[in-house]
Amino acid sequence: MSRRPYVRKIERNWWLSQPRYVSYMLRESTCLFIALYSALLTDGLIRLSQGQEAWDSYVAAISSPPGVVFQVICLGFAVIHSVTWFNVTPKAMPLALKGEPVPPKVIVGAHYALWAAVSLVVLIAAGV
Amino acid sequence: MAKSSKPILWLPFAAGGMAAAMITPALLLVTGLLVPLGLMHLPYDKIAGFAHNPIGKLILLGILALPALHAAHRMRTTAHDLGLGAGFGVKLVCYGSAWLMIILSVVALLRI
């Protein structure tokens, strides 16, 4: 006898019924833009391996109006990902020091501070 | 002991989610705004030189592979949330696209 697990029917737009479901879906949807940007970076490495001419055309493409619009949209979703990711860190990785729980605000704050530092390093490394 | 593939999928999700949260906005700021506005430049010699160095190769692979793996895992769970199920096809599209990017990047980096 073959296995026939019961699959409950899910409405495609269930997440529109409540604001908190919409914000949940907004957070989850960031992954699509993270993935698309990884694809853009993959293309960049391929072009880099093909030599100067290919690289220059890649830089021209990401600097073109469609390239900028695409990346600004990705930037918006990337920031939503960062903020939502950092805000759940006290729940995802609760910390205790000498038996005392570290206040959630301290854990979140430390992540924001690190975010600022890492962003600065990226900007300096890329040569502002 | 119960066997689960969850830890194997969770580690890249957590590491990738953190990498994407920490690094991706700054990278997008560079490639999507500062370079197009002419405030920054990505000259071939400099970037190719960075990619020539083994540590540079690892950094370049990491900033694309970790977020890609994170996104793959989240896409899979979101597909499930949208009623697309959790079958082989969904896994293939989500994890397969991430691994395709990683393989293409490794090949490209090894040729630099």
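Biologist: Leaving out residues up to four places away in sequence, which residues does B:H80 touch?
Modeller: This is a predicted model. B:H80 sits in helix α3 of chain B. Beyond residues up to four places away in sequence, its contacts are B:G85 and B:A86.

Biologist: Does B:H80 count as buried, partly exposed or exposed?
Modeller: Buried takes 20 or more C-beta neighbours within 10 Å, and exposed takes 12 or fewer. B:H80 has 14 inside 10 Å, so the residue counts as partly exposed.

Biologist: How far apart in space are B:H80 and B:S97?
Modeller: In sequence, 17 residues separate B:H80 and B:S97. In space, C-alpha to C-alpha, the separation is 17 Å.

Biologist: What is the order of elements in chain B from the N terminus on?
Modeller: Chain B has four helices and zero strands. From the N terminus on, the order is therefore α-α-α-α.

Biologist: What radius of gyration does chain B have, against a compact globule of 112 residues?
Modeller: Along the principal axes, the C-alpha atoms of chain B fill a box of roughly 50 × 30 × 25 Å. Buried residues are 40% of the 112 in the chain. A compact globule of 112 residues would come near 13 Å, but chain B has 17 Å.

Biologist: Which element gives the most to the side of chain B that touches chain A?
Modeller: On each chain, 43 residues are in contact with the other: 43 of chain B with 43 of chain A. On the chain B side, α1 (6-34), α2 (44-52), α3 (54-81) and α4 (88-111) each give two or more residues. The most, 14 residues, come from α1(B).

Biologist: Which element gives the most to the largest nonpolar core?
Modeller: That core has 50 residues, and A:I34, B:A68 and B:A71 touch the most other members. Elements giving two or more residues are α1 (19-49), α2 (52-63) and α3 (65-87) of chain A, with α1, α2, α3 and α4 of chain B. With eleven residues, the most comes from α1(B).

Biologist: Which residues of chain A does B:A68 touch?
Modeller: Set aside residues up to four places away in sequence. Within chain B, B:A68 then touches B:A98, B:M101 and B:I102. In chain A, B:A68 touches A:A35 and A:S38.

Biologist: Is α2(B) roughly parallel or roughly perpendicular to α3(B)?
Modeller: The axes of α2(B) and α3(B) come within 5 Å and cross at roughly 100 degrees. B:F50, B:A51 and B:H52 of α2(B) make the contact with B:G56, B:K57 and B:L60 of α3(B). Angles of 65 to 115 degrees count as roughly perpendicular. So α2(B) is, relative to α3(B), roughly perpendicular.

Biologist: Turn to chain A. How many charged residues are in the contact of α2(A) with α3(A)?
Modeller: The axes of α2(A) and α3(A) are 4 Å apart, at an angle of about 65 degrees. That makes α2(A) roughly perpendicular to α3(A). A:A61, A:I62 and A:S63 in α2(A) meet A:G67, A:V68 and A:Q71 in α3(A). By class, the contact has three nonpolar residues, three polar residues and, for charged residues, none.

Conventions: Residues are numbered from 1 along each chain as its sequence is written. Chains are lettered from A and ligands numbered from 1 in the order in which they are written. This is a predicted model: local features need pLDDT of at least 70, side-chain atom pairs count only at pLDDT 80 or more; totals for chains, interfaces and linings use all residues. The radius of gyration is taken over C-alpha atoms; the globule rule is 2.2 Å times the number of residues to the power 0.38. Two residues are in contact if their C-beta atoms, placed from the backbone, lie within 7 Å. A nonpolar core is a set of buried Ala, Val, Leu, Ile, Met, Phe, Trp, Tyr and Cys residues joined through C-beta atoms within 7 Å. Axes are lines fitted to C-alpha atoms, for helices over the stretch in contact, and angles run from 0 to 180 degrees between N-to-C directions. Angles under 35 degrees count as roughly parallel, over 145 as roughly antiparallel, 65 to 115 as roughly perpendicular and the rest as oblique. Ala, Val, Leu, Ile, Met, Phe, Trp, Tyr, Cys and Pro count as nonpolar, Asp, Glu, Lys and Arg as charged, and the others, Gly among them, as polar.
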